[in-house]
Amino acid sequence: MKISVLVPVYKTEQFIAQCAASLFGQTYADMEYIFVDDCSPDDSMAVVEQVLKDYPQRKNQVRLLKHDTNHGLGAARETAVQAATGDFVLMVDSDDYIEPDTAQCLAALQQQTGADIVTGSFAYEFQDGRQVPIHYDNLSREETVRLMLIRNTVLPHSWGRLVRRSLYTHHDIHYHEGINMAEDLATMPRLVHAARSIAYSADVLYHYRIASSASTFGNMLAHHHVVSFLKANQVLYNYFREKDAKGEYRFAFETGMMNTTWIAMKGGFSSIRPLCSYRPKGLLFIVLNTLFAHKATLPLLRLSFLSVKWFYKKALGYSGQRLC
């Protein structure tokens, strides 16, 4: 089983040596490495080439691709997926790093279960060296989709997951240029929905670096980030409107859209339209959006979202990692 490791690169010169070393030093042999230089203005790619000299056995497995101009994270991920030739792909962000046996562990679990997507546990790594491990319950495919859609429960990250490449190619699932905030939200729930089965590993295999613990939400509310976020929600809405004809995931999706509306309005938008054409269908969500999707009542919209999400998770019997 060949694994393609896909790494978008942009302005991570400070961290990419550790990332590259953790990739080239994997215990798993049958791999290819695709680094996509999204016109990075620093020496990130030169660092990758320097690190590669210490792993001559990997030289013929490495491909360095370059965009002529900066296209953003969504486009860089898509370029990497299109270039991949492996049976499975593994996304790694260039400021993060993985354990030496990450590919080996994920591949072994895939072989054991036959799953189309295998997710390892991960750890948030802060600037002061603290690490906070994140583990999920061993959830079914259906539960995972629902818990992704209600937001901030099972995170829809692309990185750290072994994904069968044919899920992208056979189901016409792509990352989109211009969607650089929440590009994972637009993509991963669709991949999980398209999968036949998924599996989770309890081992912490991926280290996600938190560059600044104080500015994340404020940055998310920047106008261009909100625009990207709403476009991601539109992609998700289009997919489930077509694929979920029976409405199995509608309640979960509409719960998450309350959070989308809250974020957009916190970011200065009067509504999510016209960037996202979603309108609530369920009576509960029609009422809550009518009453609280206004600047003066946004705290009540947020409270409503958290309350509905809490009761929904209780109804699903979910007792795993809880993130707000």
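Biologist: Why is D184 called buried?

Modeller: Its relative accessible area is 10%. Buried means under 20%, exposed means over 50%, and partly exposed lies in between (1.4 Å probe, protein chains only). So D184 counts as buried. One caution: the model is predicted, local features need pLDDT of at least 70, side-chain atom pairs count only at pLDDT 80 or more, and totals for chains, interfaces and linings use all residues. Residues are numbered from 1 along each chain as its sequence is written, and side-chain values use heavy atoms, with hydrogens and water left out.

Biologist: Where does D184 sit, and which residues does D184 touch?

Modeller: D184 lies in helix α7. Helices (H or I, at least four residues) and strands (E, at least two) are DSSP runs, numbered from the N terminus. D184 touches R77, P156, H157, S158, W159, Y175 and P189, leaving aside residues up to four places away in sequence. Contact means heavy atoms within 4.5 Å.

Biologist: What makes α7 and α9 roughly parallel?

Modeller: Their axes cross at roughly 20° and come within 8 Å. Axes are lines fitted to C-alpha atoms, for helices over the stretch in contact, and angles run from 0 to 180 degrees between N-to-C directions. Under 35 degrees is roughly parallel, over 145 roughly antiparallel, 65 to 115 roughly perpendicular, and the rest oblique. Therefore α7 and α9 are roughly parallel.

Biologist: Which residues of α7 meet α9?

Modeller: On α7, L185, A186, P189, R190, H193 and A194. Their partners on α9 are F229, A232, N233, V235, L236, Y239, F240 and K243. That contact divides into 10 nonpolar, 2 polar and 2 charged residues. Ala, Val, Leu, Ile, Met, Phe, Trp, Tyr, Cys and Pro count as nonpolar; Asp, Glu, Lys and Arg as charged; the others, Gly among them, as polar.

Biologist: Why are α1 and α2 called oblique?

Modeller: Helix α1 (residues 16-24) packs on helix α2 (residues 44-52) at about 40°, with the axes 9 Å apart. That angle makes α1 oblique to α2. I16, A17, A20, A21 and F24 of α1 make the contact with S44, V47, V48, V51 and L52 of α2. The tally is 9 nonpolar, 1 polar and no charged.

Biologist: Which residues of α1 are buried, and what covers them?

Modeller: I16, C19, A20, S22, L23 and F24 are buried. The cover includes β1 (3-9), β2 (31-37), α2, β3 (62-66) and β5 (97-98).

Biologist: How many aromatic pairs does a search of the whole structure find?

Modeller: It finds 19. Take Y124 and Y208: centres 5.8 Å apart, planes at 80°, so edge-to-face. Y124 is in strand β6 (residues 117-125) and Y208 in strand β9 (residues 198-209), 84 residues apart. Rings of Phe, Tyr and Trp (its six-membered ring) pair if their centres lie within 6.5 Å; planes under 30 degrees apart count as stacked, over 60 as edge-to-face and the rest as tilted.

Biologist: Are Y124 and Y208 buried or partly exposed?

Modeller: At 17%, Y124 counts as buried. At 26%, Y208 is partly exposed.

Biologist: What makes the pair of Y237 and F253 stacked?

Modeller: Their planes are at 20° and their centres 6.0 Å apart, so the pair is stacked. Y237 sits in helix α9 (residues 223-243) and F253 in helix α10 (residues 250-266). Y237 is buried at 12%, and F253 is buried at 6%.
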